[in-house]
Every structure is written in C-alpha cells, then in structure tokens.
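Please find my notes on this model below. They are numbered by topic and can be read beside the coordinates.

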Amino acid sequence: MKNAGLVAMAALAIPGVNACLSEYQANALATNFGKLVSAYSQKLANQTLAPGFIDYSESVNSLMDGGGSAPVALLGETFSSRAAFESASASQPSVPFAVENVWFNCDTITVRWKSAQSPQPVIGISVFHTVYKWANKPVPFLIDEIWGEFDSASWLENLGILVPASKKQKREIAFEA
Ligand SMILES: *[C@@H]1O[C@H](CO)[C@@H](O)[C@H](O)[C@H]1NC(C)=O
C-alpha cells in the first residue's frame, strides 16, 4: 500500500505524455493566442503553435472571400500549417483581442473572446486542441488544431465591405426625400 502510494506520487511528479493541462497552462495558451492576434511575433507563435498546426474557421474563410465562397472554400482548412498562419498574421494589421472566458479539460481549451472593434464589437469562440511537447517548460503544451467561429458579418461591416441592412434602408429613404 505504501509502495503503491509512492509509485503514484512519482508518476505525478514526472510529467509524461499523459499529463493534462493545468489552469495556469490553459490560461497561458489562451493569452498567448490573443497576443498572436493583437501583436503577432514569430517567437511567440513558435512557443504557442505546433509545427503541424491546422486552423479551421468558416468565419475567417468567409472574411477572406469578403462574402461568397471563392477563392477560399468556406469549409476548407483556413491555415494548413504554422507557416501559413505566420505569413497571414505577419501581413495583417493587429486587431484588439481580449480573452473573456476560458474552459478546459485534459487536452482541449475553449476560449470565448471579444475583439473591441469599431463600430461593431466582435465576439468569437475558439476551441484549441493541444499536444504535450516539452517536459521542462512552464507550458509544456502546444496548440495543434483550432476550430474558431465569430461574428464575421460585424467584422465585414467594420472593414467597410458589408453595409448593414438598416443603413441601406436609411440611404434609400434619404434618396426618396
Ligand atoms: C520559428 O520556427 C521556425 C521553424 O519552424 C524557425 O525557422 C524560426 O527561426 C523560428 N523563429 C523564432 C523567432 O524562433
């Protein structure tokens, strides 16, 4: 009995591939992901995303298309590698990004976030799948898959691409008057 307890304690003390995310680690990965959106750096991308990273988001695909389904397939991969994410992020202007909620289990993190854009705020929910990577780092996990969706209609309005129906109506009324 005493030996079994010691073995169990030793297993807990040595991080292994079966280790689970802690609250600190889940929050740190959520914060790092937010920083990649609001102030991208390749160093942070390397510390946060796995090399074989894949991102799926119909919202981002739709934004890239400016509506419609071309040139990016709406249901296809948004970024098929860390390098693809990096080249897109490095060329994008930074956007505000604040983490609102973090929920996590052993290897998955769900983040509800807010991008305080103007004139419309944008709320999104992103789910990160993680893989255990390093035994001797404070955050030994990397994100290898993200599924994220958000209010892309508001984002398109903020970019000036989409004119909301209410503004179109006002314009018609003004034209008739
Ligand atoms: C990030 O990782 C890539 C390899 O995936 C490497 O070429 C690059 O130098 C790294 N950048 C930094 C800043 O660590």
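1. Helix α4 (58-65) is followed by G66, which has a positive phi, near 65°. Most residues other than glycine have a negative phi. Helices here are DSSP runs of H or I with at least four residues, strands are runs of E with at least two, and both are numbered from the N terminus. Within α4, the buried residues are S59, N61, S62, L63 and D65. Buried means under 20% relative accessible area, exposed means over 50%, and partly exposed lies in between (1.4 Å probe, protein chains only). The cover over these α4 residues includes β5 and α6 (152-158), where contact means heavy atoms within 4.5 Å.

2. The basis of these values should be kept in view. This is a predicted model, in which local features need pLDDT of at least 70 and side-chain atom pairs count only at pLDDT 80 or more, while totals for chains, interfaces and linings use all residues. Residues are numbered from 1 along each chain as its sequence is written, and side-chain values use heavy atoms, with hydrogens and water left out.

3. The chain has seven helices and five strands, arranged along the sequence as α-α-α-β-α-α-β-β-β-β-α-α. Of its 177 residues, 34% are buried. Among contacts between residues at least 6 apart in sequence, 53% join residues at least 24 apart.

4. Which parts of the chain does the C20 and C106 pair link? One disulfide is counted, taking a disulfide as a pair of cysteine sulfur atoms within 2.5 Å. The sulfur atoms of C20 and C106 are 1.9 Å apart, and the link is left-handed, with -90° about the S-S bond. It joins distant parts of the chain: C20 is in the loop between α1 (2-13) and α2 (23-38), and C106 is 86 residues away in the loop between β2 (98-104) and β3 (108-115). C20 counts as partly exposed because its relative accessibility is 44%; C106, at 31%, is also partly exposed.

5. The largest pocket holds about 660 Å³ of space. A pocket is an open set of points on a 1 Å grid over the protein atoms alone, where a 1.4 Å probe fits, with protein on both sides within 12 Å along at least five of seven lines; lining residues have an atom within 4 Å of a point. Points are joined across faces, edges and corners, and the volume is the space filled by probe spheres set on them. Of the 28 lining residues, V37, V60, L63, Q92 and W155 are closest to the centre. At least two lining residues come from each of α2, α4, α5 (82-90) and β5 (141-150).

6. E86 is in helix α5. Its relative accessible area is 12%, so E86 counts as buried. Leaving out residues up to four places away in sequence, E86 touches Y40, Q42, A45 and N46.

7. Two cis peptide bonds deserve a look. One joins A70 and P71, with omega about 5°, and P71 is in the loop between α4 and α5. Another joins S118 and P119, with omega about 0°; P119 lies in the loop between β3 and β4 (122-132). Most peptide bonds are trans.
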